[in-house]
Amino acid sequence: MDAKVYDLINDQINKELYSAYLYLSFADYYADAGLDGYANFYMIQAQEERDHALIFRKYLLENDRVPKLGAIAQPDKTFTDYMGPLQAALEHEQYVTSLINDIYAAADEVKDYRAMQFLKWFIDEQMEEEDTARDMITKMELFGEDKRSLFELNQEYAGRTYSVPSPLAAE
Ligand code: FEO
């Protein structure tokens, strides 16, 4: 594996674990605010981000490379309203999309077609995650001021359940 592709994938393990940590902090904010449905949504999101890290780990190991695990940064965001984490989530996912694109570009440069194929799952995943993040912002904009509607939105997010992502499903 090309050294740059290896370094970027290795860094991505750390970035995905940071994402899990970041979303855990969002879940903490909503749990403290009494919005347990939103807290549930971000708890599951944190699980998914950990899974993303494990998918990159698995890819390195299957290609005879050992992951190098580094320190995970502290999530440092503070929020003053219910919209705050939702907007931070969209910005974060857009950033993660740019990271995935950078890995794809590095793989393309050295004709690493296997890595490019592997990354396609993440390219699709990022589109879904950005779409979901935008949808949550829109719903909060439309209905967040009304207590009854906010209660119902919270109920909706309480129904989110975890499922193992397909690249890990065979494990
Ligand atoms: Fe691992 Fe939310 O992207």
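The side chain of His92 makes a polar contact with the side chain of Ser19, at 2.8 Å (a polar contact is a pair of N or O atoms within 3.5 Å; within protein, one must be able to donate a hydrogen and the other to accept it, and residues adjacent in sequence count only if both atoms are side-chain atoms). Keep in mind that this is a predicted model, where local features need pLDDT of at least 70, side-chain atom pairs count only at pLDDT 80 or more, and totals for chains, interfaces and linings use all residues. Residues are numbered from 1 along each chain as its sequence is written, and side-chain values use heavy atoms, with hydrogens and water left out.

**Around His92**
- His92 sits in helix 3 (helices are DSSP runs of H or I with at least four residues, numbered from the N terminus).
- With 10% relative accessibility, His92 counts as buried (buried means under 20% relative accessible area, exposed over 50%, partly exposed in between, with a 1.4 Å probe and protein chains only).
- Setting aside neighbours within four places in sequence, His92 is in contact with Tyr18, Ser19, Leu22 and Tyr23 (contact means heavy atoms within 4.5 Å).

**Helix 1 against helix 3**
- Helix 1 (residues 3-33) packs with helix 3 at an angle of about 170°, and their axes are 10 Å apart (axes are lines fitted to C-alpha atoms, for helices over the stretch in contact, and angles run from 0 to 180 degrees between N-to-C directions).
- That makes the pair roughly antiparallel (the word covers angles over 145 degrees; under 35 counts as roughly parallel, 65 to 115 as roughly perpendicular and the rest as oblique).
- The residues of this helix 1 and helix 3 contact split into 20 nonpolar, three polar and five charged (Ala, Val, Leu, Ile, Met, Phe, Trp, Tyr, Cys and Pro count as nonpolar, Asp, Glu, Lys and Arg as charged, and the others, Gly among them, as polar).

**The nonpolar cores**
- The largest nonpolar core has 27 residues, and those with the most contacts inside it are Phe26, Tyr30, Tyr38, Tyr42, Leu86 and Met136 (a nonpolar core is a set of buried Ala, Val, Leu, Ile, Met, Phe, Trp, Tyr and Cys residues joined through side-chain atoms within 4.5 Å).
- Helix 1, helix 2, helix 3, helix 4 (113-143) and helix 5 (147-158) each put in at least two residues, and helix 1 gives the most, with eight.
- Beyond its neighbours within four places in sequence, Leu86 is in contact with Tyr30, Tyr38, Tyr42, Met136, Ile137 and Met140.
- There's also a second, separate core of 20 residues, which includes Phe56, Val96, Ile103 and Leu119.

**The loop between helix 2 and helix 3**
- Asn63 lies in the loop between helix 2 (36-62) and helix 3 (83-109), and at 18% relative accessibility it counts as buried.
- The Asn63 side chain makes a polar contact with the side chain of Arg114 (2.5 Å); leaving out neighbours within four places in sequence, Asn63 is in contact with Met1 and Arg114.
- Lys77 is in that loop too, and is partly exposed at a relative accessible area of 39%.
- The C-alpha atoms of Lys77 and Leu22 are separated by 8.4 Å, although the two are 55 residues apart along the chain.

**Positive phi**
- Most residues other than glycine have a negative phi.
- Asp64, in the loop between helix 2 and helix 3, isn't a glycine but has a positive phi of about 65°; it is exposed, with a relative accessible area of 71%.
- Lys111, in the loop between helix 3 and helix 4, has a positive phi near 55° and counts as exposed at 59% relative accessibility.
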